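Here are my notes for your first look at this model. Keep the structure open as you read, and take the points in order.

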Amino acid sequence: MLKTEQMLQKMSSQGLRITEQRRTLATLFAETEGYLTPKDVYEYMGQQYSGLSFDTVYRNLRVMHELGVLEQVIFEEGMKFKAHCSASHHHHHMICLQCEKTYPIHYCPMPALTDVPERFQVVKHKFEVFGYCETCQYKEEQV
């Protein structure tokens, strides 16, 4: 997971001005293990910055995602964000639906899953596997 300074450096190197609010966002995500909804982020930021709009928070989340600082995942209950992996190679994830722990898939299964039509150019793809980690499976069995 990226650390605060790594996030800020990546944003700055791509021309994004580092405001105090963006610094706070980077710190929040660097210090949070799991995923956060835009509402979670808005409520946290609202405690420190009065008058901050939800649109401003959401716009910053989208920009940080587009710059590769945050990962965005669509869960059944909606979109969530977390700090981007610090791994430098292309990979995907398995995500526990209960605790949201994330496990890397160290290779890209895309070539094995589909035959891309001859006149189709893939520019981006995402592959996530959802399930339950060993700990959450065990907890469920004990209930």
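1. Where is Gly78 found? Gly78 sits in strand β2. The model is a predicted one, so treat each point below as a reading of that prediction. Gly78 has a relative accessible area of 24%. Buried means under 20% and exposed means over 50%, so Gly78 is classed as partly exposed. Now look along the chain to Cys136, 58 residues away from Gly78. The C-alpha atoms of these two residues are 21 Å apart.

2. Next, find Pro104. This residue belongs to strand β4, which covers residues 102-105. Pro104 is also partly exposed, with 38% relative accessibility. Ten residues separate Pro104 from Met94 in sequence. In space, their C-alpha atoms lie 6.3 Å apart. Which residues does Pro104 touch, leaving out those up to four places away in sequence? They are His91, His92, His93 and Met94.

3. Turn to helix α4. The helix runs over residues 54-66 and has 13 residues. From first C-alpha to last, α4 reaches 18 Å. That is close to the 18 Å expected at 1.5 Å a residue. After α4 comes Gly68, whose phi is positive, near 80°.

4. Which residues of α4 are buried? Val57, Asn60, Leu61, Met64 and His65 are. Viewed down the axis of α4, these buried residues fall within an arc of 135°, so they line one face of the helix. An α-helix has 3.6 residues a turn, so residues three or four places apart point the same way. The face of α4 turned away from the buried side carries Asp55 and Glu66, both exposed.

5. What do the buried residues of α4 pack against? Three helices are on the list: α1 (4-13), α2 (20-30) and α3 (38-48). The strands β1 (70-75) and β2 (78-83) are there too.

6. Look at α3 in turn. Its buried residues are Pro38, Val41 and Met45. Down the axis of α3, they fall within an arc of 60°, so they line one face of this helix. On the other side of α3, Lys39 and Gln47 are exposed. The cover over the buried residues of α3 includes α2, α4 and β2.

7. Two packed helices are described by the angle between their axes and the distance between the axes. For α3 and α4, the angle is about 120° and the axes are 9 Å apart. The two helices are therefore oblique to each other. α3 passes α4 in a right-handed crossing. From α3, the contact uses Pro38, Lys39, Val41, Tyr42 and Met45. From α4, Phe54, Val57, Tyr58 and Leu61 take part.

8. How do α2 and α4 cross? Their axes come within 11 Å and cross at roughly 65°. These helices are therefore roughly perpendicular to each other. The crossing of α2 and α4 is right-handed. On the α2 side, Gln21, Arg22, Leu25, Ala26 and Phe29 make the meeting. Their partners in α4 are Thr56, Asn60, Leu61 and Met64. Leu61 of α4 is listed in the contact with α3 as well.

Methods
Residues are numbered from 1 along each chain as its sequence is written. This is a predicted model: local features need pLDDT of at least 70, side-chain atom pairs count only at pLDDT 80 or more; totals for chains, interfaces and linings use all residues. Side-chain values use heavy atoms; hydrogens and water are left out. Helices (H or I, at least four residues) and strands (E, at least two) are DSSP runs, numbered from the N terminus. The expected span of a helix is 1.5 Å times one less than its number of residues. Buried means under 20% relative accessible area, exposed over 50%, partly exposed in between (1.4 Å probe, protein chains only). The arc is that of the directions from the helix axis to the C-beta atoms. Contact means heavy atoms within 4.5 Å. Axes are lines fitted to C-alpha atoms, for helices over the stretch in contact, and angles run from 0 to 180 degrees between N-to-C directions. Angles under 35 degrees count as roughly parallel, over 145 as roughly antiparallel, 65 to 115 as roughly perpendicular and the rest as oblique. A crossing is left-handed if the near helix is turned anticlockwise from the far one by less than a right angle, and right-handed if clockwise.
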